Amino acid sequence: MQMRDQPNNEEQLTRLADETLAAPAREALLRDVAESPELAAALAEQSDAVRIVRSIDIEAPAALRASVTALARRPPRQRVRWQLALPSSLVVGAAVVALVLALASSGKPVTVVRAAHLALSAATLTAPAPTVGDPATVTTAIDGVSFPDWRARGWQTTGARRDRLGGHDIDTVFYSSASYPAVGYSIAAGAPLKVGSVEQALLIHGVRFEVIRADGATIVTWLRDGHTCVLAARNVEAGVLLHLASWTQSSSVT
Amino acid sequence: LPAHLDRLYRAAWALSGSRQDAEDLVQETCVRVLARPRQLRNEDEIAYLMRVLRNTFLSTKRTASRRPSVITTPVEDLALPDSGTAFKPDAAYEATEVYATIAALPEDFRLALVAVDIVGLSYREAAKVLATKEATITTRLYRARRQVARALSSNAAKIDD
């Protein structure tokens, strides 16, 4: 038996384990492996690692997929092409106009905390009724994303409101229970809102929930089908909001 | 992007060692890719995604100390109702253990293993993405796999005991 030097063995064992070693070298190495317990052990380690690592087929969480899909659906950034076609002075002028228009129309960027202010505000519409034939939802929805019916958990709808903030349509439904007088649940249409500083993040059933404390309120935010959901309340523990949020996410509400 | 999302997520998890960080890493990678779509024309998509993921991972590591801390609470700590979802605890546990092992590898070994065994690049593609020689990728891969196999075998032995 003519043993190869160690680096050559390592390279060929690596390729043998993942079946990328060319046939002539493969046959020669297999003969060496058959005669050498050390080589056989080394090949077994390589093969075990390849098999274990490549067998994991865990999928990306639904919330991440929804978020990326929403990102991919955004219109392409046209200004990149403008820069190629237009003189720089025009580009700068156009950028200034766009910036002024954007500031005039939307003011500050829409964040989860800003959306939460709506969830902490007073209702302006009557409470939505349960959806006939669907015990999991009430009749209010935004872009097909329904608000939950939490009567089975002791929460009643008490009112609603509809707002437009920085180009986002935001619907809010208010709930109360025997223990808690008011919790607001807002859903913002459009691209996900900026989250900002997070106190705690939790992964529950593959969905990332983030807890924020702001302006004396507790806020929980997460994504449903790429839409930003915000549960906000004062004097309500984060755990209560997380239970409601995760129950919504894991129920038949879509 | 959505077509490659699962592979990208697994790669990000193995690089970062945490599901939460993996989600952030994938999000940031997608934002960077979508901001410069023209670069996808003359390059294989998954190799390009791996290159952006690697760059994002390295730049994220550099700025990690400036980021707000995120506390992860195990789901078992919450008395949650039954979900009825397709959550697979066995698969998640296996992935957690294996990816934690990979995340503990030296950075060069980790990147080589993720590029070849998780993302599925050829040795040549991995060498190009990671800006090194093909022979170097092979050596790093050999050592990475050996360390992973030994660590997982050691873990299994502890459980058996």
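Me: Contact means heavy atoms within 4.5 Å. Which residues is A:Val53 in contact with, leaving aside its neighbours within four places in sequence?

Reply: The model is predicted, so local features need pLDDT of at least 70 and side-chain atom pairs count only at pLDDT 80 or more, while totals for chains, interfaces and linings use all residues. Residues are numbered from 1 along each chain as its sequence is written, chains are lettered from A and ligands numbered from 1 in the order in which they are written, and side-chain values use heavy atoms, without hydrogens or water. With sequence neighbours set aside, A:Val53 is in contact with B:Val98, B:Ile102, B:Leu113, B:Asp117, B:Ile118 and B:Val148. A:Val53 itself lies in helix H3 of chain A.

Me: Why does A:Val53 count as buried?

Reply: Buried means under 20% relative accessible area, exposed over 50%, partly exposed in between, with a 1.4 Å probe and protein chains only. A:Val53 has 2% relative accessibility, so it counts as buried.

Me: What makes H5(B) mostly covered?

Reply: Of its 12 residues, 10 are buried. They include B:Leu113, B:Asp117 and B:Ile118, which are also contacts of A:Val53. B:Phe109 and B:Arg110 are among the buried residues too.

Me: What makes H1(B) largely enclosed by the rest of the structure?

Reply: Nine of its 12 residues are buried, so the description holds. Among them are B:Leu5, B:Tyr9 and B:Trp13. H1(B) should span 16 Å, and its end C-alpha atoms are 16 Å apart, which agrees. B:Gly17 follows H1(B), with a positive phi near 80 degrees.

Me: Why is H4(A) called oblique to H1(B)?

Reply: Axes are lines fitted to C-alpha atoms, for helices over the stretch in contact, and angles run from 0 to 180 degrees between N-to-C directions. H4(A) and H1(B) pack at about 120 degrees, with axes 11 Å apart. Under 35 degrees is roughly parallel, over 145 roughly antiparallel, 65 to 115 roughly perpendicular, and the rest oblique. That makes H4(A) oblique to H1(B). A:Leu64, A:Arg65 and A:Val68 meet B:Leu5, B:Asp6 and B:Tyr9.

Me: Why is H2(A) called roughly perpendicular to H3(A)?

Reply: These helices pack at about 115 degrees, with axes 5 Å apart. The roughly perpendicular label for H2(A) and H3(A) follows from that angle. H2(A) meets H3(A) through A:Asp32, A:Val33 and A:Glu35, against A:Pro37, A:Leu39, A:Ala40 and A:Leu43.

Me: Which hand does the crossing of H2(A) and H3(A) have?

Reply: A crossing is left-handed if the near helix is turned anticlockwise from the far one by less than a right angle, and right-handed if clockwise. H2(A) passes H3(A) in a left-handed crossing. The crossing of H4(A) and H1(B) is right-handed.

Me: How many helices and strands are there in chain B?

Reply: Chain B has seven helices and zero strands. Buried residues make up 43% of its 161 residues.

Conventions: Helices (H or I, at least four residues) and strands (E, at least two) are DSSP runs, numbered from the N terminus. The expected span of a helix is 1.5 Å times one less than its number of residues.
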